[in-house]
Amino acid sequence: MTITEAIADTYLKATGKTTALTTGTKFNKIVGLLNFYQRRWAREPEIDWNSLYNPAFSLGTVTATDTYDIDTSSIRKLSDRQGDTVRIVWSNGVGYTDYDVIPHDTLKDFSWGVNKESPKGYYCAQIGSQLIFNHEFTSDDAQYGGEIFVPCYTFPDAIVSTSLSEDVQVDDPDWLVLRCAAEYVRTDLTRQGQYSNILQEANEAMQRMIDDNGAQIDDVDKPWTPSSGIGYDSAWS
């Protein structure tokens, strides 16, 4: 389903009219609802949507620091799937270092401090909107100048005027249509009586999405085998 089709279906479900909206107040209201509820979908409590999983989102290049900003407008959360690690691919394009993601309040227990020969391993944690490693990089480190890749769950792209021909990013576009139609009628005095019925349809569609998402978990391929250390991988060359 394209975004244009979702706009038309939302208006049809809410009003019973097949008018093709392309501009105006009603059109803008529906686009706003689609944007709002697809972002709410991405944040569904206790659900990580497989379709929003990115095994290797680039955070940029390693410099002389231990702290890197996470774009929270694009990344909802770092992945806590078993076996997922943050990977730094060295500047030679072949070597790499994997860092286990640990709870933020335990990072201090694995800090290298001033001793660069610490055997405590390779760890990092998300603290607020930053990714912090358990050691500060220097130009002598193999990781220096490499690229940081994080496994994460992202947000859908915002709907804009140039994306109307693109597909809806929600797993079940019908849920998005139904949820937006329910909100559309909720604020319409002449159609408020339809709200509970449409909302129930939306809730049923959401439950189907959740069930389908859970059924897919075992089929998701892992992008790399965790090593929690330094290695070489020709697949990254």
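Helices H2 and H3 cross with a right-handed geometry, a crossing being right-handed if the near helix is turned clockwise from the far one by less than a right angle, and left-handed if anticlockwise. The model is predicted, with local features requiring pLDDT of at least 70 and side-chain atom pairs pLDDT 80 or more, whereas totals for chains, interfaces and linings use all residues. Residues are numbered from 1 along each chain as its sequence is written, and side-chain values use heavy atoms, without hydrogens and water.

Helices here are DSSP runs of H or I with at least four residues, numbered from the N terminus. H2 spans residues 25–42 and H3 residues 173–186; their axes come within 9 Å and cross at roughly 125 degrees. Axes are lines fitted to C-alpha atoms over the stretch in contact, and angles run from 0 to 180 degrees between N-to-C directions. H2 and H3 are therefore oblique to each other, given that angles under 35 degrees count as roughly parallel, over 145 as roughly antiparallel, 65 to 115 as roughly perpendicular and the rest as oblique. On the H2 side, the contact (heavy atoms within 4.5 Å) involves Lys-26, Lys-29, Ile-30, Leu-33, Leu-34, Tyr-37, Gln-38 and Trp-41, which meet Trp-175, Leu-176, Arg-179, Cys-180, Glu-183 and Tyr-184 of H3. Nine of the residues in the contact of H2 with H3 are nonpolar, one is polar and four are charged. In this classification Ala, Val, Leu, Ile, Met, Phe, Trp, Tyr, Cys and Pro are nonpolar, Asp, Glu, Lys and Arg charged, and the others, Gly among them, polar.

H3 also packs with helix H1 (residues 3–15), at an angle of about 45 degrees and with the axes 8 Å apart. This angle makes H1 oblique to H3, and their crossing is right-handed. H1 contributes Ala-6, Asp-9, Thr-10, Tyr-11, Lys-13, Ala-14 and Thr-15, and H3 contributes Val-177, Leu-178, Cys-180, Ala-181, Tyr-184 and Val-185. The contact of H1 with H3 comprises nine nonpolar, two polar and two charged residues.

Eleven aromatic pairs were found in the whole structure, defined by Phe, Tyr or Trp (six-membered) ring centres within 6.5 Å, with planes under 30 degrees apart stacked, over 60 edge-to-face and the rest tilted. Among them, Tyr-11 and Tyr-184 are edge-to-face, at 6.2 Å centre to centre and 85 degrees between the planes. Because Tyr-11 lies in H1 and Tyr-184 in H3, the pair ties together parts 173 residues apart in sequence.

The protein chain averages a pLDDT (the predictor's confidence in each residue, from 0 to 100) of 89, and 87% of the residues score at least 70.

Technical notes:
Helix = DSSP H or I, 4+ residues; strand = E, 2+ residues; numbered from the N terminus.
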